[in-house]
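Q: I have a model on screen and want to learn how to read it. Where do I begin?

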Amino acid sequence: MRGDQINLQNIIARSASMAPSPQERSGGVEKVAKLIDVSKCIGCKACQVACSEWNDLRDDVGECYGVYTNPMDLSPNTFQLMRFNEYEDEQGNLEWLIRKDNCMHCAEPGCLKACPAPGAIVQYANGIVDFNEEHCIGCGYCVAGCPFNIPRISKKDAKAYKCTLCSDRVYHGLEPACAKTCPTGAIMFGTKEDMLEQGAMRTDYLKDRGYKNAGIYDPAGVGGTHVIYVLQHADKPEIYNNLPSDPRISPLTEAWKGVTKPLMSAVIGLSALAGFFHYAIKGPKEEPEDDPDPEKADADRALDEKSPTQALQDADEEGRE
Amino acid sequence: MTLQVTRRQFFKLGAAGMATSSMAMMGFAPDAAQASIRHFKLTGAKITRNICTYCSVGCGMLLYSRGDGSINSTDDIYHVEGDPDHPVSRGSLCPKGAGVLDFIKSESRLSHPEVREPGSSEWKRISWDDALDRIARHMKDDRDANFETHDENGNLVNRWLSTGFLAASATTNETAYLTHKIVRNLGILSFDNQARV
């Protein structure tokens, strides 16, 4: 089915294409979200295992660098990663902050904006941002466009890979593999509305427990995300392994794909038109009569008129003489 | 036929080609709507309920296998996930349980009975029938020789101390009950569960 057409009304945006999808229906498709409650996570990595099992990924066995994070970074074979972080608060208390790092499925995805390959990145009506490796050209612009440093280019097939939020499972009415397996309920899945409500409940609970700055991480800079966190310290997300406090699509990507692209398209179109009209009015360009070296110009012109093979033969004959 | 192209024509063709391709790149000729959803890998799979083999929590598992059990097909498990209807785990699995597929498919997994004869250092493959017969024979001989009805003070004990029994953790309550019944009826006292080891 990969590469086949699905109900196209499920697609609300696709990379490098201005062809709109049919969008007649209104309603029926709820935005979904995955809620990651960092305060409930025990770092068992069941989600990592379930992810690689579902997606048939087996990353290479890495090396231990003295921390529990394993493997050390995301890769085309590791769509998600538990990043372990030892944080000492102002009172000197140690907190073990474990963040599940994966695609945030932004409502305004930087990867999709940056991608030059038509249809290689699509956004579904339920909010999931998916890569279609069939159309990926491996340029790596999505890596530059992503404010969360998520996509990875495969060395094997030079295509970009990342978490799909189990778009296949969700499309068939199931929850993502990571959310299903989580033994502590730190990962939950549902409509974005329900997850925000759940997050608010957990935030209140954490505040009662003394985490004054507990809150939901759903950054507005990228239009909100479909993977949201409950953080004990929502005022400083950077302590969770550099979670950006105000993620935005890089201004370079914005400028290049936002203003420059249509502008440049218009410029190219205009110059083509101008060329056409110039040709229609003025006709083809002709050699000036007062050539500084008329004899040489004549010889060159004669050479131009000849076919390349003939020119070569002539040159050969000249050489023999 | 060889195409005769002069230098000028070549440049013109090149320029035209570049112009049209850059026009297409700039979005003047949008591709047809392209989309795909990943193929859902569980459609039509046979689902078998089971209990995780690892620990004494006994989480419920759904084993998805290819093949519907018809006469000419050999089933093969290709996906495992939690059983949402299981009262213990309600669909969740720990990392070991979530990765049990690789345990099932492991090359080093023992898939048939083996025996190491006394004095031998070699493991020899035997059939299930042979294995069960051997175990029954050994148990009978050992029980006949070592079963005690009374201890040294003359108390009635009916015990069999020279053999132990190790049960698997992948058991339902009912299996555990029956295992207990059989083992205790034989008089075995050394009785444990693999999950506790």
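Q: What overall scores does the model carry?

A: This is a predicted model. Its ipTM is 0.77 and its pTM is 0.78.

Q: How do the chains score residue by residue, and what is the mean pLDDT of chain B?

A: Chain B has a mean pLDDT of 87, and 90% of its residues reach 70 or more. Chain A averages 88, with 93% of the residues at 70 or above. One stretch of chain A needs care: residues 1-5 have a pLDDT below 50. That stretch makes 10 contacts in the model beyond near neighbours in sequence. Where pLDDT is low, predicted coordinates should not be read in detail.

Q: Into which domains is chain A divided?

A: Take the bounds, then the spacing of the centres. Chain A is split into domain 1 (8-249), domain 2 (251-286) and domain 3 (291-321). Between domain 1 of chain A and domain 2 of chain A, the C-alpha centres are 40 Å apart.

Q: Which domains does the assignment give for chain B?

A: Chain B has domain 1 (46-104) and domain 2 (117-196). Their C-alpha centres are separated by 29 Å. The two do touch: seven residues of domain 1 of chain B are in contact with eight residues of domain 2 of chain B.

Q: How many helices and strands are there in chain B?

A: Chain B holds five helices and eight strands. Read from the N terminus, the order is α-β-β-β-α-α-β-β-α-β-β-α-β. Two totals complete the picture. Of the 197 residues of chain B, 13% count as buried. Among its contacts with a separation of 6 or more, 39% join residues 24 or more positions apart.

Q: Strands β7 and β8 of chain B: do they run parallel or antiparallel?

A: Look at the bridges, then at the connection. Strand β7 (residues 156-167) of chain B and strand β8 (residues 188-193) of chain B run parallel, joined by five bridges. The chain passes from β7(B) through helix α5 (residues 173-186) of chain B to β8(B), a right-handed β-α-β crossover. For one bridge to click on, B:Ala167 is partnered by B:Asn193 in β8(B).

Q: Now chain A. Why is β11(A) largely enclosed by the rest of the structure?

A: Count the burial along the strand. Five of the five residues of β11(A) are buried, so the strand is largely enclosed.

Q: Which strands pair with β11(A)?

A: Strand β2 (residues 32-37) of chain A pairs with β11(A) in the parallel sense, over four bridges. Here A:Ile36 has A:Tyr229 as its bridge partner. Strand β10 (residues 215-217) of chain A runs antiparallel to β11(A), with three bridges. A:Gly215 stands opposite A:Leu231 there.

Q: Which residues touch the most other members of the largest nonpolar core?

A: That core has 79 residues, and A:Val38, A:Ala50, A:Cys115 and A:Ile121 touch the most other members. Helix α1 (residues 46-54) of chain A gives the most to the core, with six residues. Take A:Cys115 in detail. Leaving out residues up to four places away in sequence, A:Cys115 touches A:Ser15, A:Ala16, A:Ala120, A:Ile121, A:Tyr141 and A:Cys142.

Q: Where is A:Asp235, and is the residue buried or exposed?

A: A:Asp235 sits in the loop between β11 (227-231) and α7 (251-282) of chain A. A:Asp235 has 11 other C-beta atoms within 10 Å, so the residue is exposed. A:Asn213 is 22 residues away from A:Asp235 in sequence, and the two are 6.0 Å apart, C-alpha to C-alpha.

Q: What backbone angles deserve a look, such as phi of A:Leu165?

A: A:Leu165 has a positive phi near 50° and is not a glycine. A:Cys166, also not a glycine, has a positive phi of about 45°. Both lie in the loop between β8 and α4 of chain A. A:Leu165 is buried, with 29 other C-beta atoms within 10 Å. A:Cys166 is buried too, with 26 C-beta neighbours inside 10 Å. For omega, go to A:Asn70 and A:Pro71: a cis peptide bond joins them, with omega about -5°. A:Pro71 lies in the loop between α1 and β3 (81-88) of chain A.

Definitions and conventions:
Residues numbered from 1 in each chain as written. Chains lettered and ligands numbered in written order. Predicted model: local features only at pLDDT ≥ 70, side-chain atom pairs only at ≥ 80, totals over all residues. pLDDT = per-residue confidence, 0-100. Pairing = 2+ DSSP bridges. Helix = DSSP H or I, 4+ residues; strand = E, 2+ residues; numbered from the N terminus. Right-handed = clockwise from strand over helix to strand, strands pointing away. Core = buried A, V, L, I, M, F, W, Y, C linked by C-beta atoms within 7 Å. Buried ≥ 20, exposed ≤ 12 C-beta atoms within 10 Å, placed from the backbone. Domains from an automatic or database assignment.
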